[in-house]
Amino acid sequence: MFVMSPRVARDPVEGREEAMRREMVVRFVAPRGVDDPRVLEVMSEVPRHRFVPEPLRARAYGDHSLPIGYGQTISQPYVVGLMTQRLAVSPEHKVLEVGSGSGYQTAILARLARSVYSLERIDELARGAAATLAAMGFHNVSVKAFDGTYGYPAAAPFDRILVTAGTDAVPEPLLAQLAVGGRLVAPIGPPGRQRLRVIRRRKTDYAQEDGGEDVTFVPLLGRFAGGGEGNGGEGGGVKGSGSGSGSLRGRTA
């Protein structure tokens, strides 16, 4: 069982928030197979409520996803922890995130990696995430309002790529920008039947692992959504058989 080390609170409000973060990790994240100490520690330290709309902040540390506007959500804490663990980020890694959303997952990655490039197709969300991360002192993150299915060629290759929206197949540009030996994590499958997949790039091909978890994510949208050379195309992207808001399938958001 994961047990956090005690800390001294600086003031009552900060102490309450810290206690809520640690309770979230102990109750909702660690018992579900997330056992990487670095992931658990970072999730106990990053203030999730800063990434949630003000009216919903009282629910920020619950076992659910929450709406953040524009039809998007901040993922369920366990899903954030699980995807981060599957990605296996190290301090020397350069990471690409497709789908900034609120910026919470971005913040978790930024605490673990050397640098994070995060792409968000909705301009308002991109600006909000960038502002929140900057206000919190993150200097190793670049958030851009851009179609994430293109990837970010200017900074490629990436050691790790995280796709935070459901897709039938991984877009070809993302596969091309994954470094040899790199790892990509994405929820793959049709809506309502997505599973977390881990894709590793080898010298001459790609290997895919089934993470074993059914998830529900909002759909990946963009020029290369579906893996092909156009909207909904399927021109060679790695596909899965197994989706979005970042909740376990069947759980209430």
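Biologist: Tyr 206: buried, exposed or partly exposed?
Modeller: Tyr 206 is partly exposed, at a relative accessible area of 30%. This is a predicted model.

Biologist: Which strand is Tyr 206 found in?
Modeller: Strand 9, which covers residues 206-216.

Biologist: And what lies 2.9 Å from a polar atom of its side chain, the side chain of Tyr 206?
Modeller: The backbone oxygen of Leu 175.

Biologist: What is the average pLDDT of the protein?
Modeller: The average is 87, and 85% of the residues score at least 70.

Biologist: Where does pLDDT stay under 50?
Modeller: Over residues 229-245, a stretch with 81 contacts beyond four places in sequence in the model. Residues 247-253 are also below 50, and that stretch has 23 contacts beyond near neighbours in sequence. Where pLDDT is low, the predicted coordinates should not be read in detail.

Biologist: Moving to the core. How many residues does the largest nonpolar core have?
Modeller: It has 47 residues, and those with the most contacts inside it are Met 43, Tyr 104 and Ile 108. Helices 1, 2, 3, 4 and 5 each give two or more residues to this core, as do strand 1 and strand 8.

Biologist: What does Ile 108 touch?
Modeller: Leaving out residues up to four places away in sequence, Ile 108 touches Val 42, Met 43, Val 46, Val 80 and Thr 84.

Biologist: Which are the buried residues of helix 2?
Modeller: In helix 2, residues 37-45, they are Val 39, Leu 40, Val 42, Met 43 and Ser 44. These buried residues pack against helix 1, helix 3 and helix 4.

Biologist: What reaches the backbone nitrogen of Arg 38 at the start of helix 2?
Modeller: A side-chain oxygen of Asp 36, which comes to within 2.9 Å of that nitrogen.

Biologist: Why is helix 3 largely enclosed by the rest of the structure?
Modeller: Because 10 of its 11 residues, in the range 77-87, are buried. Among the buried ones are Tyr 78, Val 80, Thr 84 and Gln 85.

Biologist: What sits over the ring of Tyr 78?
Modeller: The charged end of Arg 32, 5.4 Å from the ring centre. Elsewhere, the charged end of Arg 223 sits over the ring of Phe 224, at 5.1 Å from its centre.

Biologist: Which residue takes a positive phi just after helix 3?
Modeller: Ala 88, with phi of about 55°. Ala 88 is in the loop between helix 3 and strand 3 and is partly exposed, with a relative accessible area of 25%. Tyr 70 also has a positive phi, near 60°. Tyr 70 is in the loop between strand 1 and strand 2, and is exposed at 51% relative accessible area.

Biologist: How many aromatic pairs does the structure hold?
Modeller: It holds 5. One of them is Tyr 117 with Phe 158, edge-to-face, 5.9 Å centre to centre and 65° between the planes. The two residues are 41 apart in the chain, Tyr 117 in strand 4 and Phe 158 in strand 6.

Biologist: Is Phe 158 buried or exposed?
Modeller: Phe 158 is buried, with a relative accessible area of 0%, whereas Tyr 117 is partly exposed at 23%. Ring pairs link Tyr 117, Tyr 152 and Phe 158 into a cluster.

Biologist: Now Gln 177. Where is its place?
Modeller: Gln 177 is in the loop between helix 6 and strand 7. Gln 177 counts as buried, at 8% relative accessibility. A polar atom of the Gln 177 side chain lies 2.9 Å from the backbone oxygen of Tyr 150.

Biologist: What is Gln 177 in contact with, leaving aside neighbours within four places in sequence?
Modeller: Its contacts include Tyr 150, Tyr 152, Ala 156, Pro 157 and Phe 158.

Biologist: Is the peptide bond from Ala 156 to Pro 157 cis or trans?
Modeller: The bond is cis, with omega near 0°. Pro 157 is in the loop between strand 5 and strand 6.

Methods:
Residues are numbered from 1 along each chain as its sequence is written. This is a predicted model: local features need pLDDT of at least 70, side-chain atom pairs count only at pLDDT 80 or more; totals for chains, interfaces and linings use all residues. Side-chain values use heavy atoms; hydrogens and water are left out. Helices (H or I, at least four residues) and strands (E, at least two) are DSSP runs, numbered from the N terminus. Buried means under 20% relative accessible area, exposed over 50%, partly exposed in between (1.4 Å probe, protein chains only). A polar contact is a pair of N or O atoms within 3.5 Å; within protein, one must be able to donate a hydrogen and the other to accept it, and residues adjacent in sequence count only if both atoms are side-chain atoms. Contact means heavy atoms within 4.5 Å. Rings of Phe, Tyr and Trp (its six-membered ring) pair if their centres lie within 6.5 Å; planes under 30 degrees apart count as stacked, over 60 as edge-to-face and the rest as tilted. A charge sits over a ring if NZ of Lys or CZ of Arg is within 6 Å of the ring centre and within 35 degrees of the ring normal. pLDDT is the predictor's confidence in each residue, from 0 to 100. A nonpolar core is a set of buried Ala, Val, Leu, Ile, Met, Phe, Trp, Tyr and Cys residues joined through side-chain atoms within 4.5 Å.
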